[in-house]
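Hello,

Please have a look at it first, then read on.

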Amino acid sequence: MKNFIEKIIEEDLTAGRCSEVITRFPPEPNGYLHIGHAKSICLNFGLPRRYGGRCHLRFDDTNPEKEEEEFIEAIKRDVAWLGFDWGSHLYFASDYFERMYAFAEELIEKGLAFVCDQTLEEIRRDRGTLTEPGKESPYRNRSVEENLDLFRRMRKGEFPEGSRVLRAKIDMASPNLNMRDPVLYRIRRAAHPRTGTTWCIYPMYDFAHCLGDAIEGVTHSICTLEFEDHRPLYDWVLDNVTPPSRPYQYEFARLNMTYTVLSKRKLARLVREGHVNGWDDPRMPTLAGLRRRGVPPEAIRRFCDRIGVAKTNSVVEIELFEHCIREVLNKTARRVMAVLDPVKLTIENYPEDRIEEFEVENNPEDAAAGTRKVAFSRNLFIEREDFLEDPPKKFFRLAVGREVRLKGAYLVTCTGVKKDPETGEVKEVLCRYDPASRGGNTPDGRRVKGTIHWVEEKTAVPAEIRVYERLFRIENPEGAGEEFLEGMNENSFSRKCSALVEPAAVQRTSSGPMPLQFLRMGYFIEDIDSKPNHPIFNKTIGLRDTWAKVKR
RNA sequence: UGGGGCGUCGUCUAACGGUAGGACACGGGACUUUGAAUCCCGCGGUGGUGGUUCGAUUCCACCCGCCCCAGCCA
């Protein structure tokens, strides 16, 4: 299946308009990358992978007031983690400032750019409106010599910030506002993270981006739909200077996802105002957050494959993303047993001092994952929600008089329950086991509907488990404007501080945290805050839960 | 109301002018030592009106709806 950009590329290749595909992923280092960027990254890096060529990582660092070194490093880390390699092609728009400056002088010499002394307010006022043409600047007809002189003095720092700009001389009556003598350069005294104070004039996006593309020999410059109106300006600049190559811009629809905000401003606000714990909070749709949450990069790549690339504004259901996460984790996550909310289970007819070991599989989807041993005794813990005093008809788990299988161990029948006399809370569940069911088998062929997970009291390891839900309870927080915070889910984060996990869950490997499936509960991964004496796990995502639907 | 874009199952996305297909979601069933996974089956769509054509999602006209643009942000 081909998307429209791939069709364009195939035509270009066939027609000989280019011999290889050179793309670029051009983030501005003013925030962290998120799942929406992943769509662009997969597209830009995927195209040359498919058709031959390369993709550059280019930082669009033309606004020193907003950009930071921290973001540059974070972005590199995230792109690499996603699985893409820019090789030696790491670039910065700021590397081209000198050459861009020369192109600006070329425009001035051709009478196609002028230095404008109007204030910001005057420029705005004279731009006109959507329905009325703008008014030409009184400085529009300065001589080439004067413009050159003024522009050079702008560069030297002779004028205060905001006092003058360089503008393209195009058409103040254009129905496309971007063509009404757009600003090309402005004066900014801020220190740039890379060029420091060597420059005090900085090129605007529309001037810098197309030239960056041309300098790098980019063939297909792919961006999002909101830049469609800028394409005439992209072309104008390249058509009016002598660029080293001639790239073309194509636009696709950015990703939107239900229950998620993806605008950089809103994400930055969540971080700044402390609604989440940083850019890598596991509830964040940032790549750093998803990584910490335990989402494998492969799942993100698959997701980007499946959502496709088109020009239709769309909102992808988060369920598709969740499906991709489960799909990958199901094949790769080691199974272990963990009880998040423990209640004692005592097997009355099992000897007090006996300990058995059972061999269980590490991943039924992957025989190569092998098996491990789990300890079993008279005293266990099970999930509190797996016992019900007053069970509904279709409840397959434990209740007085009912039999269930303890995964991998024995069948047990519930004989009673001990409760706190004050609160009525269940303190302990009592049962008797069937010695003939060792390993969870039923020699007599009887069928048990329920199989529950458990941990053994003496060997279980206490752990903290951090449970994350969707950050927003409303489907379209992005559409809620500035009030999007009101759509936040107050229960998006909770801790299970008295969880118990089997020892295999905390076995460390040298290659970083491994995705785990806590049997019947979901996928989890050890958090970076985790310590050997205080293991912490993040819930990546729950298993599909048909029972939850039956209950409803 | 100027300009630019976009309308296909609930959602996302395909279909040289020739049987509207896939994925997710949803519903049902089989299987199951995870109420998971897996496997079957089902559900459902071309914004509207005309026109061209043997035949239109595709071409044309008009209409309707949605998105983007008035930063010295990107």
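Let me start with a pair of strands. Strand S4 (residues 113-116) and strand S5 (residues 165-168) are joined by 4 bridges and run antiparallel. Two strands count as paired if DSSP finds at least two bridges between them. The strands and helices named here are DSSP runs, numbered from the N terminus: helices are H or I with at least four residues, strands are E with at least two.

Before going further, a word on what you are looking at. This is a predicted model, in which local features need pLDDT of at least 70 and side-chain atom pairs count only at pLDDT 80 or more, while totals for chains, interfaces and linings use all residues. Residues are numbered from 1 along each chain as its sequence is written, chains are lettered from A and ligands numbered from 1 in the order in which they are written, and side-chain values use heavy atoms, with hydrogens and water left out.

S4 and S5 belong to an open sheet of 4 strands with the order S4-S5-S6-S7 and antiparallel pairing. S4 and S7 are the edge strands with a single partner strand each, so one side of each has no neighbour in the sheet. On average, neighbouring strands here are turned by 20° against each other, direction ignored.

**The other sheet**

An open sheet of 7 strands runs in the order S10-S23-S24-S25-S21-S22-S11, and its pairing is mixed. Its edges are S10 (334-336) and S11 (338-339); each has a single partner strand, so one side of each is left without a neighbour in the sheet. S11 is joined to S22 (residues 493-501) by 2 bridges, in the antiparallel sense, and Val-339 has Leu-500 as its bridge partner in S22. Helix H12 (residues 318-332) packs on this sheet and touches S10, S24 (522-526) and S25 (536-541), its direction making about 125° with that of S25. Contact means heavy atoms within 4.5 Å, and the angles, from 0 to 180 degrees, are taken between N-to-C directions of lines fitted to C-alpha atoms, for helices over the stretch in contact.

Glu-322 is a residue of H12, and its relative accessibility of 16% makes it buried. Leaving out residues up to four places away in sequence, Glu-322 touches Arg-470 and Ile-541. The charged end of Arg-470 sits over the ring of Tyr-259, 4.4 Å from its centre; this label requires NZ of Lys or CZ of Arg within 6 Å of the ring centre and within 35 degrees of the ring normal.

**Aromatic pairs**

There are 26 aromatic pairs in the structure. Rings of Phe, Tyr and Trp (its six-membered ring) pair if their centres lie within 6.5 Å; planes under 30 degrees apart are stacked, over 60 edge-to-face, and the rest tilted. Tyr-101 and Trp-199 have ring centres 6.1 Å apart and planes at 50°, so this pair is tilted. Tyr-101 is in helix H4 (residues 97-109) and Trp-199 in the loop between S6 (183-187) and S7 (201-203), so the pair ties together parts 98 residues apart in sequence. Both Tyr-101 and Trp-199 are buried.

In the pair of Phe-518 and Phe-537, the ring centres are 5.3 Å apart and the planes at 70°, so the pair is edge-to-face. Phe-518 lies in S23 (residues 516-518) and Phe-537 in S25, so parts 19 residues apart in sequence are tied together. Both Phe-518 and Phe-537 are buried.

Back at Tyr-101, ring pairs link Phe-97, Tyr-101, Phe-151, Tyr-185, Trp-199, Tyr-202 and Phe-207 into a cluster. Arg-155 lies over the face of Tyr-101, 4.6 Å from the ring centre.

Enjoy exploring it!

Best wishes

Terms used: Buried means under 20% relative accessible area, exposed over 50%, partly exposed in between (1.4 Å probe, protein chains only).
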